[in-house]
Amino acid sequence: LPVGSIFFRAFQHGFGAAWDAVTTPDALHALWLTFVVALIAVPLNTVFGVGVSLILAPEGPIPLDDDEGLRAYFARYVVPGIARLAAS
């Protein structure tokens, strides 16, 4: 419902008025800035996400078939990995 209200209010004066608002220099600069920040944030998130996954994940499959194996996995790999991240 809130998203529908945003679209309704954006186009209540017609498509031309909405297009004129989006193509102002300030709006175009905001869109460009959003694009540049996304170009920086996505690779950084990828690098750090892969790095953290390599720290936290052991070699071999995660035992998801029983609760005891999963608890042992967390106790042996995840908790120490988080502790290593916190200590660094």
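**Labels and cut-offs**

Reply: Let's start with D65, which sits in the loop between α3 (25-56) and α4; helices here are DSSP runs of H or I with at least four residues, strands are runs of E with at least two, and both are numbered from the N terminus. Keep in mind that this is a predicted model, where local features need pLDDT of at least 70, side-chain atom pairs count only at pLDDT 80 or more, and totals for chains, interfaces and linings use all residues. Residues are numbered from 1 along each chain as its sequence is written, and side-chain values use heavy atoms, with hydrogens and water left out.

Me: Why does D65 count as exposed?

Reply: Buried means under 20% relative accessible area, exposed over 50%, and partly exposed in between (1.4 Å probe, protein chains only). D65 has 70% relative accessibility, so it counts as exposed. As for its distance from R84, 19 residues along the chain, their C-alpha atoms are 27 Å apart.

Me: And what makes W19 partly exposed?

Reply: W19, in helix α2, has a relative accessible area of 49%, so it gets the in-between label.

Me: What makes V3, F7, F11, F15 and W19 a nonpolar patch?

Reply: Patch residues need over 30% relative accessible area and no salt bridge; nonpolar side chains (Val, Leu, Ile, Met, Phe, Trp, Tyr) are joined within 5 Å, like charges within 9 Å. These five, V3, F7, F11, F15 and W19, form such a patch on the surface, with about 580 Å² of accessible area together. The elements giving two or more residues to the patch are α1 (2-10) and α2 (15-22). Areas come from the Shrake-Rupley method with a 1.4 Å probe, and for residues only the protein chains shown count as cover.

Me: How do you know that R71 forms a salt bridge with E68?

Reply: The rule asks for a side-chain nitrogen of Lys or Arg within 4 Å of a carboxyl oxygen of Asp or Glu. For R71 and E68 the closest N and O atoms are 3.1 Å apart, and the pair forms a salt bridge. By this rule the count comes to one. The two are three residues apart in helix α4 (residues 67-87), so about one helical turn separates them. R71 counts as exposed because its relative accessibility is 52%, and E68 does too, at 53%.

Me: What is the radius of gyration set against?

Reply: A globule rule: 2.2 Å times the number of residues to the power 0.38, with the radius taken over C-alpha atoms. A compact globule of 88 residues would come out near 12 Å, but this protein has 23 Å. The C-alpha trace spans about 60 × 30 × 20 Å along its principal axes, and buried residues make up 8% of the 88.
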